[in-house]
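This briefing is intended for a reader who is new to the structure. Please consult the sequence and the model shown here alongside the text.

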Amino acid sequence: MIPRASPSDPLPYYATRSILSSMSQTSKVTPEGMLILTSLAEGPKHGYAIQVDIEKLTGRHLGPGSLYGSMARLEANGYISAVTTEGPRRPYRLTQAGARALATEVEMSRRVALLAMKRLSAR
Amino acid sequence: MNRLSALLGLYPRAWRSRYGDEIADLLTKEPMGYGTVVDTFRGAVFAHLHPELVEPDVMAAAGAGSLRLRRGVPVLSVAILGVLLSVAGYVLGAAIVFAWSPSTCPSGYDKRAVDHSSQIGYVEYLGEYDCVRESAPPTVLHFREEREIGLYLTRPGIRVFDFDFVQQRFVWVGLAPR
């Protein structure tokens with residue numbers, strides 16, 4: 001059985017990362033940042049919840065070093081912000097700027113995906 | 001000093017102050033293997049190279065085109081420190097994993113290098129676990145935190161592949177359950 005993208009059968013990580021990487025060449029959002037923004041689009045989450053969500057989505061386990069490196073960059077850019085300031089499980093939320101950045105990236109992804117499907121079907 | 005404190009100690013003070021509790025919270029849930037150690041080292045190197053992400057005054061200085069990040073520390077020194085930390089991280093990580101590997105295998109298993117790309121199948125990211133049962137079907141592996149998936153004994157969160165003889169290619173079986 002070949003893996004397919006569906007809620008019960010997530011898209012393999014390297015396929016997801018390849019798509020997101022090509023999408024992120026012109027933006028400040030890294031592929032890992034895109035995954036974090038996508039996770040937070042559902043609602044505020046703390047680091048561990050984001051980690052679990054990304055693993056469900058892509059099948060890849062994002063370690064603490066990679067996760068917080070990306071989150072620090074997103075927070076410095078104003079794309080995410082901490083809901084509270086204390087404790088080891090500090091929830092983060094998507095800001096308006098983060099939502100705009102995610103929407104821009106998603107739209108770019110959609111255009112490229114449509115073009116790719118069109119060209120593949122013509123082969 | 002325990003392993004957690006040692007890993008967190010690699011981060012700059014400002015990063016520890018801002019994200020230390022949260023990183024520690026995740027580290028307590030991670031299997032402390034080679035991947036975790038290397039990932040944390042990489043994160044620490046990134047933190048040393050980007051103090052501006054947690055210190056607004058440094059961000060302002062960097063934005064103004066300053067070649068010095070903080071208290072007269074030149075960018076080149078920080079970059080060299082990052083490279084040295086990265087190399088040290090790989091060496092120390094390998095040493096830690098080697099030291100923590102089981103010195104003897106369970107009864108019925110032999111300790112040896114495993115061919116992770118055999119024709120039967122392979123399990124990703126498992127180079128440090130190498131107890132093989134010779135008499136069993138090929139590539140039955142034993143790990144310290146066991147979960148059985150078909151022929152494979154693996155640990156939680158690891159991606160498992162199998163060889164599909166109909167399609168003549170490797171297919172992703174899935175993640176070992178947590």
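The points below cover helix packing, a salt bridge and a surface patch.

This is a predicted model, in which local features need pLDDT of at least 70, side-chain atom pairs count only at pLDDT 80 or more, and totals for chains, interfaces and linings use all residues. Residues are numbered from 1 along each chain as its sequence is written, chains are lettered from A and ligands numbered from 1 in the order in which they are written, and side-chain values use heavy atoms, with hydrogens and water left out.

**Helix packing within chain A**

- Helix α2 (residues 31-40) and helix α4 (residues 64-76) of chain A have axes that come within 9 Å and cross at roughly 75°. This makes α2(A) roughly perpendicular to α4(A) (angles of 65 to 115 degrees count as such).
- From α2(A), Glu32(A), Gly33(A), Ile36(A) and Leu37(A) meet Leu67(A), Ser70(A), Met71(A) and Leu74(A) of α4(A), where contact means heavy atoms within 4.5 Å. By class, this contact of α2(A) with α4(A) has five nonpolar, two polar and one charged residues.
- Helix α3 (residues 47-58) of chain A also packs with α4(A), their axes coming within 11 Å and crossing at roughly 110°; α3(A) and α4(A) are therefore roughly perpendicular to each other.
- Gly47(A), Ile50(A) and Gln51(A) of α3(A) meet Pro64(A), Leu67(A), Tyr68(A) and Met71(A) of α4(A). The residues of this contact divide into five nonpolar, two polar and no charged.

**Contacts between the chains**

- The axes of α4(A) and helix α3 (residues 34-49) of chain B come within 7 Å and cross at roughly 30°. That makes α4(A) roughly parallel to α3(B) (angles under 35 degrees).
- Pro64(A), Gly65(A), Ser66(A), Gly69(A) and Arg73(A) of α4(A) make this contact with Asp39(B), Thr40(B), Gly43(B) and Phe46(B) of α3(B). Two nonpolar, five polar and two charged residues take part.
- Arg89(A) forms a salt bridge with Asp25(B), their closest N and O atoms lying 3.0 Å apart (a side-chain nitrogen of Lys or Arg within 4 Å of a carboxyl oxygen of Asp or Glu). This pair crosses between chains, from the loop between β1 (80-82) and β2 (92-94) of chain A to helix α2 (residues 13-27) of chain B.
- Over all chains, the structure holds ten salt bridges.

**Surface of chain B**

- Val83(B), Val87(B) and Val91(B) form a nonpolar surface patch with about 270 Å² of accessible area together (residues with over 30% relative accessible area and no salt bridge, nonpolar side chains being joined within 5 Å; areas use a 1.4 Å probe).
- Val87(B) belongs to helix α5 (residues 75-100) of chain B.

How values were computed. Patches are made of residues with over 30% relative accessible area and no salt bridge: like charges are joined within 9 Å, nonpolar side chains (Val, Leu, Ile, Met, Phe, Trp, Tyr) within 5 Å. Helices (H or I, at least four residues) and strands (E, at least two) are DSSP runs, numbered from the N terminus. Axes are lines fitted to C-alpha atoms, for helices over the stretch in contact, and angles run from 0 to 180 degrees between N-to-C directions. Angles under 35 degrees count as roughly parallel, over 145 as roughly antiparallel, 65 to 115 as roughly perpendicular and the rest as oblique. Ala, Val, Leu, Ile, Met, Phe, Trp, Tyr, Cys and Pro count as nonpolar, Asp, Glu, Lys and Arg as charged, and the others, Gly among them, as polar.
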